[in-house]
Amino acid sequence: MEKIFLSLNELKKINNNLEKIKNKDLKEVIEEIKQARLMGDLSENSEYHSAKKKKNFIEEKIKNIENMLSNSEIIEESDFKKILKIKLMDIKNNEIIEYFIGKIQENKKNYITEDSPIAIILKNKKVGDLIKIKKYNKEKIYKILLIE
């Protein structure tokens, strides 16, 4: 799993969410399972099976969050704001695409890290330069329109 960069604020939010899931949601579903068991035959008990599925889902969610936290690194808030904006134009169809390059991976369209293949290609380039980017096994040629 790749490194995930978090601000201290984000880390606190994620930890608070994890604690809520563990201390509230998981305990509630365990209680639902206990109540459903009291209803008798488990083989035909839809409440029991539903609660078990819910419990498995919650446990998987906890595992995923814990894995993410174990692969995270805290960075300064100011590092989140250091984003480079790049505009490229596809030479063949004049389609314009915009990328935002930063130190951290944001879950937004066209946000990439500075060590991604596209960002590496763009290093030491200037407005007006032509670059080749291979996407989906097709090589495209772009003209750099903007770097800011």
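**Exercise 1. Helix packing**

Describe how helix 1 and helix 2 pack, giving the angle and the distance between their axes.

Solution. 

Step 1. In this predicted model, local features need pLDDT of at least 70, side-chain atom pairs count only at pLDDT 80 or more, and totals for chains, interfaces and linings use all residues. Residues are numbered from 1 along each chain as its sequence is written, and side-chain values use heavy atoms, with hydrogens and water left out.

Step 2. Identify the elements. Helix 1 covers residues 8–37 and helix 2 covers residues 46–70. Helices (H or I, at least four residues) and strands (E, at least two) are DSSP runs, numbered from the N terminus.

Step 3. Take the geometry. The two helices pack at an angle of about 160°, and their axes are 9 Å apart. Axes are lines fitted to C-alpha atoms, for helices over the stretch in contact, and angles run from 0 to 180 degrees between N-to-C directions.

Step 4. Classify the angle. Helix 1 and helix 2 are therefore roughly antiparallel to each other (under 35 degrees counts as roughly parallel, over 145 as roughly antiparallel, 65 to 115 as roughly perpendicular and the rest as oblique).

Step 5. Assign the hand. The crossing of helix 1 and helix 2 is left-handed, meaning that the near helix is turned anticlockwise from the far one by less than a right angle; clockwise would be right-handed.

**Exercise 2. Salt bridges between the helices**

Solution. 

Step 1. Apply the criterion: a side-chain nitrogen of Lys or Arg within 4 Å of a carboxyl oxygen of Asp or Glu. By this rule there are nine salt bridges.

Step 2. Since Glu66 lies in helix 2 and Lys22 in helix 1, the pair ties together parts that are 44 residues apart in sequence.

Step 3. Check accessibility (buried is under 20% relative accessible area, exposed over 50%, partly exposed in between; 1.4 Å probe, protein chains only). Glu66 is partly exposed at 34%, and Lys22 is partly exposed at 27%. Glu32 is partly exposed at 34%, as is Lys54 at 40%.

Step 4. Lys61 lies in helix 2, and the C-alpha atoms of Lys61 and Ile21, 40 residues apart along the chain, are separated by 8.6 Å. Lys61 has a relative accessible area of 38% and is partly exposed.

**Exercise 3. A salt-bridge network**

Determine which residue pairs with Lys85 at 3.5 Å, and which residues join into one network.

Solution. 

Step 1. Lys85 forms a salt bridge with Glu98, the closest N and O atoms being 3.5 Å apart.

Step 2. Lys85 is in strand 3 and Glu98 in strand 4, so placed that the pair links distant parts of the chain, 13 residues apart.

Step 3. Salt bridges that share partners join Lys85, Lys87 and Glu98 into one network.

Step 4. Lys85 is partly exposed at 23% relative accessibility; Glu98 is partly exposed at 25%.

**Exercise 4. Positive phi**

State where Asn94 and Asn124 are placed, and give their phi values.

Solution. 

Step 1. Recall the background: most residues other than glycine have a negative phi.

Step 2. Asn94 has a positive phi, near 60°. Asn94 is in the loop between strand 3 (84–90) and strand 4 (96–102).

Step 3. Asn124 also has a positive phi near 60°. Asn124 is in the loop between helix 4 (117–122) and strand 6 (130–135), and Asn124 is exposed at 81% relative accessibility.

Step 4. Look at helix 4 as well. Pro117 is found in helix 4 and is exposed, with a relative accessible area of 62%. The C-alpha atoms of Pro117 and Lys134, 17 residues apart along the chain, are separated by 9.5 Å.

**Exercise 5. Overall content**

Give the number of helices and strands, their order, and the share of buried residues.

Solution. 

Step 1. The protein has four helices and seven strands.

Step 2. From the N terminus on, the order is β-α-α-β-α-β-β-β-α-β-β.

Step 3. Of the 148 residues, 30% are buried.
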